[in-house]
Amino acid sequence: MYKANYGNHLLSFSEGWKLIARYNRIDGSVEIADLDETPAEWTSYDPKSGASDKVLTMLCDSLYDRCLLQELA
């Protein structure tokens, strides 16, 4: 069965942030981009490092968990 290099995209519109996340099957990472940036640039997210502030870290952690759970399904 063919699988694309990336899992389904997940969106988060909360706390003033517009984020999109995807699971990268090539290297097993979760990538997150800010939709307010033009063009939106994908960044590998590591929950051990977190993001630039507490709210953004909370949102990215949630997207990270959701991407991993979606990939397990």
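Begin by selecting glutamate 15, which sits in the loop between β1 (10-14) and β2. Helices (H or I, at least four residues) and strands (E, at least two) are DSSP runs, numbered from the N terminus. The phi angle of glutamate 15 is near 55°, a positive value in a residue other than glycine. Glutamate 15 is exposed, with a relative accessible area of 55%. Buried means under 20% relative accessible area, exposed over 50%, and partly exposed in between (1.4 Å probe, protein chains only).

Two notes apply to every stop. This is a predicted model, in which local features need pLDDT of at least 70 and side-chain atom pairs count only at pLDDT 80 or more, while totals for chains, interfaces and linings use all residues. Residues are numbered from 1 along each chain as its sequence is written, and side-chain values use heavy atoms, with hydrogens and water left out.

**Salt bridges**

How many salt bridges does the structure hold? There are three, a salt bridge being a side-chain nitrogen of Lys or Arg within 4 Å of a carboxyl oxygen of Asp or Glu.

Select aspartate 36 and lysine 18, whose side chains form a salt bridge at 3.7 Å, N to O. Aspartate 36 lies in the loop between β3 (29-34) and β4 (43-45) and lysine 18 in strand β2 (residues 17-24), so this pair ties together parts that are 18 residues apart in sequence. Aspartate 36 is partly exposed at 46% relative accessibility, and lysine 18 is partly exposed with a relative accessible area of 38%.

Next select arginine 22 and glutamate 31. They form a salt bridge in which the closest N and O atoms are 2.7 Å apart. Are these two residues buried or exposed? Arginine 22 is buried, and glutamate 31 is buried as well.

Then select glutamate 71 and arginine 25, a salt bridge with its closest N and O atoms 2.6 Å apart. Glutamate 71 belongs to helix α1 (residues 54-72) and arginine 25 to the loop between β2 and β3, so the pair ties together parts that are 46 residues apart in sequence. Arginine 25 has a relative accessible area of 29% and is partly exposed.

**A cis peptide bond**

Select threonine 38 and proline 39. A cis peptide bond joins them, with omega at about -10°. Proline 39 is in the loop between β3 and β4.

**Helix α1**

Which residues of α1 are buried? They are Leu56, Thr57, Leu59, Cys60, Leu63, Tyr64, Cys67 and Glu71. Looking down the axis of α1, these buried residues fall within an arc of 165°, so they line one face of the helix. The arc is that of the directions from the helix axis to the C-beta atoms. Turn to the other side of α1, where Lys54, Leu69 and Leu72 are exposed.

Pick leucine 59 in helix α1. Leucine 59 is buried at 7% relative accessibility.

The C-alpha atoms of valine 55 and asparagine 5 are separated by 29 Å, with the two residues 50 residues apart along the chain.

**The largest pocket**

By class, the lining has eight nonpolar, four polar and three charged residues. Here Ala, Val, Leu, Ile, Met, Phe, Trp, Tyr, Cys and Pro count as nonpolar, Asp, Glu, Lys and Arg as charged, and the others, Gly among them, as polar.
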